There are 2 protein chains.
Amino acid sequence: MSDLDRLSLNIATTKAWTLREAVEGAVRAGVPAVGLWRDRVQEAGLETAARLVARAGLRVSSLCRGGFLTTADDDGIAAALDDNRAAIVEAATVGTSELVVVVGGLPAASAPGSAARPYPTGSLRDQAGDASTPGPVAADPARDVVAARQRVADRIADLVPFATAHGVRIALEPLHPMFAADRAVVSTLGQALDLAAPFPPEAVGVVVDTYHVWWDPDLQHQIARAGSEHRIASYQVCDWNLPLAADPLLSRGYMGDGYVDFASIGGWITSAGYTGDVEVEIFNQHVWDTPGDDVLTTVEDRYRRYVLPSLGRPAG
Amino acid sequence: MSDLDRLSLNIATTKAWTLREAVEGAVRAGVPAVGLWRDRVQEAGLETAARLVARAGLRVSSLCRGGFLTTADDDGIAAALDDNRAAIVEAATVGTSELVVVVGGLPAASAPGSAARPYPTGSLRDQAGDASTPGPVAADPARDVVAARQRVADRIADLVPFATAHGVRIALEPLHPMFAADRAVVSTLGQALDLAAPFPPEAVGVVVDTYHVWWDPDLQHQIARAGSEHRIASYQVCDWNLPLAADPLLSRGYMGDGYVDFASIGGWITSAGYTGDVEVEIFNQHVWDTPGDDVLTTVEDRYRRYVLPSLGRPAG
């Protein structure tokens, strides 16, 4: 048993590589698994991608990603369901049971160019009548995070039968709360588990990504819960670097460069009974500007030093 | 009863103003209360500051801020306690019962210049022994967020008798999780309430700042809990703007410019029985570059449009 047995290269980490290059790079580095992204799979062609990975003898730990389920209008809902059904088929075809799902943000942040769109003038006042005689105020639909979360629950219910029929699990990924407006109204592991609760664990699971959840005061408890509910679909690792990158999506770092306590979190994951792949997923311009083979050398070194020690046996 | 009766100007919003200028500006604008910062108070002189505000007839809704309680070494602990006792005296002197407390971040992020400090090479491996025979791995002390939170609890217990004797409440402010490493290991309202639980509500309260908590899936429940426990010490409002400013501390916006659903959150606050001041606290370079009187004009307009309608009567 090699110490890299559970290491998976999420191919977003070596962004400059095509799918073929990433597969060959992983094989050269002795990495036994890859996490794939749909854009690279589609670029290679779905059947070709599946063959490439299979012939290389690599496991596919996950496919990224489905989701963006918060749209409120009928056409948007239909389009989102179509896209997610396609993602489910792609996951099954490339040979993974785990489709990573990022649920989407608020309507106010979803339209192109709307990132800094202010409220329409007077919108709440119009709802509330004269401000000097206040009454019950309706939530602003474009900013109503509670309603957006309900739509996520509804869309998951829509997708579960199709996913189950294809042997694919919807792996809900809570994203860091700084992405709640524009990317994911699911911000904590507990919330993801609550959304998963109505469905069997083989239909809906959760992703534990250290970048997104390390700060959560309830993390140890929710990881234990995820384990006991058999819902841990993926353990993704990278560090939380400061200062935040101008695009905070790219502030992920090599394990050891930031503030994540991998010893503790890895111990909790191990105690929860997770024995699956550990995906290294780093979005970081400096990493992307580094030759892929060098990135893999650093990834393996950091994995051995910061992640592997906590995976061997349950902590505490 | 004026529609600005509950509006408080947190003077960080008009950063270019001295304390005297902020007091005079608030009076000119018909704002009946101010939230003060220690640097401006110390600059004016504590007794002078207290007189200035009292003669102007303004309420002081809070003093910002104490905290930074996560230090592990004895000298650091002693210094933190000294500083917080001074802040308690300052709060009592300027006439507010509410001392806003930001609890501090991880040791790894607290040393000057350490923001991007990597792990010491091999630190975890050294703890874990040979990586090929993994065993229980101790948490990394510099990154152990669980231990840092326990130190916060310990320091609050140290400070409560002094605060109570001075009639000052320790108002714990959960900060957005993107500040968990470097500013506050308390990230949710629920966590702040758990920390407050051992103490009477007049000794330890919580701050609800929309910028920091708007994304929380448990927010409605925790605001209701905070109300029923009589712990809401301050309701601070500003918006969550995107894209994030280069310094994310400065990404706060005028209400209405971003993604916060003030109608919902204000309704929850009202339902929780909160009838106190509503502090507008905006850190934003554009706002700071705008003349203070113009800032107050915008603040009042946005307050009337987005905040006030939800404050009139309990929602739902």
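The buried residues of α8(A) are covered by elements of chain A that include those in the table. Contact here takes C-beta atoms, placed from the backbone, within 7 Å of each other. Helices (H or I, at least four residues) and strands (E, at least two) are DSSP runs, numbered from the N terminus.

| Covering element | Residues of chain A |
|---|---|
| α7 | 145-165 |
| β5 | 169-172 |
| β6 | 204-209 |
| α9 | 210-213 |
| α10 | 219-228 |

Helix α8 of chain A spans residues 189-196, and seven of its eight residues are buried. A residue is buried if 20 or more other C-beta atoms lie within 10 Å of its own, exposed if 12 or fewer, and partly exposed in between. The buried ones are L189(A), G190(A), Q191(A), A192(A), L193(A), L195(A) and A196(A).

This is a predicted model: local features need pLDDT of at least 70, side-chain atom pairs count only at pLDDT 80 or more, and totals for chains, interfaces and linings use all residues. Residues are numbered from 1 along each chain as its sequence is written, while chains are lettered from A and ligands numbered from 1 in the order in which they are written.

Chain A holds 13 helices and 10 strands. Of its 316 residues, 57% count as buried. Among contacts in chain A with a separation of 6 or more, 78% join residues 24 or more positions apart.

Confidence comes next. pLDDT is the predictor's confidence in each residue, from 0 to 100. Chain A has a mean pLDDT of 92, and 90% of its residues reach 70 or more. Residues 112-134 of chain A fall below 50, and this stretch has 41 contacts in the model beyond near neighbours in sequence. For the complex, the predictor gives an ipTM of 0.91 and a pTM of 0.92.

In chain B, the axes of α3 (residues 46-55) and α4 (residues 74-94) come within 8 Å and cross at roughly 30°. Axes are lines fitted to C-alpha atoms, for helices over the stretch in contact, and angles run from 0 to 180 degrees between N-to-C directions. From α3(B), L46(B), A49(B), A50(B) and V53(B) meet E90(B), T93(B) and V94(B) of α4(B). By class, this contact has five nonpolar, one polar and one charged residues.

T298(B) sits in helix α13 (residues 292-307) of chain B. Why is T298(B) partly exposed? Because 17 other C-beta atoms lie within 10 Å of T298(B). T298(B) and Y254(B) are 44 residues apart in sequence, yet 7.8 Å apart in space, C-alpha to C-alpha.

Definitions and conventions. Two residues are in contact if their C-beta atoms, placed from the backbone, lie within 7 Å. Ala, Val, Leu, Ile, Met, Phe, Trp, Tyr, Cys and Pro count as nonpolar, Asp, Glu, Lys and Arg as charged, and the others, Gly among them, as polar.
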